[in-house]
Amino acid sequence: MANAILDKFKEEAVETKTYDADKKNKVGIIGTGWIAEAHLKAYQQCPDVQFVGMADLVPGKAEAFCDQFGVDKTGINFYNSHKELIDNEELDCVSVCTYNATHAECTIYALEHGVNVLLEKPMCVTLEEAVAICKAEKASGKVLSIGFQPRFDPNMQMVKKIVESGELGEIYYIQTGGGRRRGIPTPFGTSFIEKETAGLGALGDIGCYSLDMVLNAIGYPKPLTVSGYKSDFFGKSTKYSNKPEYADIFGVDDFAAGFVRLEGGIILDFRIAWAMHLDTSGDTIILGKHGGLRIPSTECWNGSIGGPMTIYHDVAGKQVETVIPELDNPYDNFYLKIRSFLDASMNGGEPPVPSSQIIYNQAIIDGIAKSAELGREIEIEIPEI
Ligand SMILES: NC(=O)c1ccc[n+]([C@@H]2O[C@H](COP(=O)([O-])OP(=O)(O)OC[C@H]3O[C@@H](n4cnc5c(N)ncnc54)[C@H](O)[C@@H]3O)[C@@H](O)[C@H]2O)c1
């Protein structure tokens with residue numbers, strides 16, 4: 001049968017228009033490094049966006065960024081800090097694309113000045129910073145969304161749908177994480193590996209994604225206690241590091257693991273690696289009283305699935321496996337991350353990835369780091385916002 005006939009039955013991805021292209025959102029970008037390109041390109045697909053300002057601590061970098069990507073600079077002003085940008089422009093929305101260590105100060109300053117914020121992942125470096133961000137958000141009444149684009153991947157959404165369907169029953173154990181045999185990120189300099197700029201290594205950088213995948217699926221229960229471990233054997237080594245010249249300045253973790261107790265009696269067993277003597281640290285598994293879900297790991301953990309997921313369950317007394325086919329995403333996850341943030345900001349909706357969830361993600365990361373330093377299990381205490 002001709003494909004054209006069969007194709008009639010394919011579900012068409014129809015985007016509901018949520019914006020008025022004549023009503024421009026005044027947008028700024030803070031930090032014009034590597035990830036800012038993805039924000040820029042996604043904003044460029046939104047006819048209701050007008051760039052009014054960009055900022056980077058490195059003089060000339062924001063302007064050069066526009067030149068590199070052929071942006072018409074008419075009407076765009078350039079600044080050398082987030083404060084200058086926010087003080088001088090009437091912004092509706094801003095993307096915070098700075099390295100982790102300045103996430104909190106840029107976000108809090110923007111919220112305090114009445115600007116909606118899309119903040120790149122990880123939320124920040126410490127739990128204390130996350131609490132300060134959430135307080136600033138609450139006081140501002142503005143929208144704050146955290147930049148977890150895998151949330152928009154239909155396969156990630158499927159993980160949540162499977163858990164919510166009840167097919168697995170009550171969840172009691174989760175193993176998650178990810179890893180790379182060699183993959184310390186230094187493509188554009190050292191901001192990911194220096195303590196002063198990154199604050200966290202693999203634990204924050206890619207760990208936050210694997211935590212979000214499972215915690216979002218099970219409704220983000222509160223973390224209660226954590227026993228953590230972290231190491232830096234690869235980053236500090238001139239033998240194994242992919243950039244041996246950076247061994248002296250490597251100041252973060254390249255491997256981390258944690259054993260976390262979550263509210264509801266759920267155990268979360270987690271490990272993450274930028275580098276190790278192994279190809280993968282294992283698939284993600286979610287065990288429930290009626291079924292188990294295996295989510296194959298990707299070779300280089302990037303917040304997507306590495307193949308079809310499998311549900312292990314009993315049907316009519318027989319142990320069977322149900323394979324969930326991989327789903328295509330008709331849209332770019334980055335576009336959806338930006339579009340949904342703009343829609344929430346302009347229409348007064350809920351943030352697509354709310355800080356009320358991601359504070360628990362940050363609390364686990366922070367708990368692993370602090371427990372690792374103390375060498376013992378700790379209780380996670382999150383103050384009222
Ligand atoms: N969502 C994703 O897929 C993804 C991918 C890569 C990086 N990231 C995240 O994006 C963030 C940035 O990563 P990157 O690779 O672009 O880093 P980068 O070092 O290339 O760029 C960060 C830029 O921010 C600037 N900056 C820092 N503080 C500033 C301030 N107060 N005001 C103005 N500019 C400031 C720096 O000068 C630098 O140019 C990190 O938190 C990282 O985890 C997300």
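How many helices and strands make up the secondary structure of the protein? There are twelve helices and 15 strands, where helices (H or I, at least four residues) and strands (E, at least two) are DSSP runs numbered from the N terminus. This is a predicted model, in which local features need pLDDT of at least 70 and side-chain atom pairs count only at pLDDT 80 or more, while totals for chains, interfaces and linings use all residues. Residues are numbered from 1 along each chain as its sequence is written.

**Figure 1. The whole chain.** The C-alpha trace spans about 70 × 60 × 45 Å along its principal axes. Its radius of gyration is 21 Å, which agrees with the value near 21 Å for a compact globule of 385 residues; the radius is taken over C-alpha atoms, and the globule rule is 2.2 Å times the number of residues to the power 0.38. Of the 385 residues, 47% count as buried, that is, with 20 or more other C-beta atoms within 10 Å of their own, the C-beta atoms being placed from the backbone.

Figure 2. Welcome to an open sheet with strand order 3-2-1-4-5-6 and parallel pairing; two strands pair if DSSP finds at least two bridges between them. Strand 3 (77-79) and strand 6 (144-147) are the edges, each pairing on one side only. From one strand to the next, the twist averages 20 degrees. Helix 3 (residues 61-68) packs on the sheet and touches strand 2 (49-55) and strand 3, its direction making about 140 degrees with that of strand 2. Such angles run from 0 to 180 degrees between N-to-C directions, with axes fitted to C-alpha atoms, for helices over the stretch in contact.

**Figure 3. Val 94 and the largest nonpolar core.** Strand 4 (residues 93-96) and strand 5 (residues 116-120) pair in parallel over four bridges, and Val 94 stands opposite Val 117 in strand 5. Val 94 and Val 117 have the most contacts inside the largest nonpolar core, which has 110 residues. A nonpolar core is a set of buried Ala, Val, Leu, Ile, Met, Phe, Trp, Tyr and Cys residues joined through C-beta atoms within 7 Å. Helix 12 (residues 355-374) gives the most to this core, with nine residues.

**Figure 4. Strand 8 and its antiparallel partners.** Strand 8 (residues 223-231) pairs with strand 9 (residues 255-262) in the antiparallel sense over eight bridges. Gly 228 has Gly 258 in strand 9 as its bridge partner. Strand 8 is also joined by two bridges to strand 15 (residues 378-379), again antiparallel, where the bridge partner of Thr 225 is Glu 379.

Conventions. A residue is buried if 20 or more other C-beta atoms lie within 10 Å of its own, exposed if 12 or fewer, and partly exposed in between; C-beta atoms are placed from the backbone. Two residues are in contact if their C-beta atoms, placed from the backbone, lie within 7 Å.
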